[in-house]
Amino acid sequence: CDSNMTLKQNIKPLSSTKKYYKIGEEAKVECKSGYEYAYEKTIQTIECTEEGWDLSSLQKCSRMCMDDPPEAPTNATRDWDEKSRTKDTEVS
């Protein structure tokens, strides 16, 4: 597999001196700056297969908010875990 891989949006390869990977070898990729796939999680692993890079296990990297969400109105509750900061998360 070529180290110059095409990845999903908001994900980039970690810099490596390796140009090619053998079948079964893994490479690390990371979410672009300001994105995470889970709270404080940015680095994921992909594997070189006979068909090329297996991207099926990659999780989507989402934009993270830096501010706390607003307080819930008086007729609602908020179940924020005090950690997650995924942008555009809906309130129900």
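What follows is a short chat about the labels and the cut-offs behind them.

Guide: This is a predicted model, where local features need pLDDT of at least 70, side-chain atom pairs count only at pLDDT 80 or more, and totals for chains, interfaces and linings use all residues. Residues are numbered from 1 along each chain as its sequence is written, and side-chain values use heavy atoms, with hydrogens and water left out.

Visitor: Why is glutamate 40 called exposed?
Guide: Exposed means over 50% relative accessible area, buried under 20% and partly exposed in between (1.4 Å probe, protein chains only). Glutamate 40 has 58%, so it counts as exposed.

Visitor: And why is aspartate 54 called partly exposed?
Guide: Its relative accessible area is 32%, so aspartate 54 falls in the middle class. You'll find it in strand β5, residues 52–54; strands are DSSP runs of E, at least two residues, numbered from the N terminus.

Visitor: What makes the pair of tyrosine 21 and tryptophan 53 edge-to-face?
Guide: Rings of Phe, Tyr and Trp (its six-membered ring) pair if their centres lie within 6.5 Å; planes under 30 degrees apart are stacked, over 60 edge-to-face, the rest tilted. Here the centres are 5.1 Å apart and the planes at 70 degrees, so edge-to-face it is.

Visitor: Why does the pair tie together parts that are apart in sequence?
Guide: Tyrosine 21 lies in the loop between β1 (11–13) and β2 (26–31) and tryptophan 53 in strand β5, so the parts tied together are 32 residues apart in sequence. Both tyrosine 21 and tryptophan 53 are buried.

Definitions and conventions:
Helix = DSSP H or I, 4+ residues; strand = E, 2+ residues; numbered from the N terminus.
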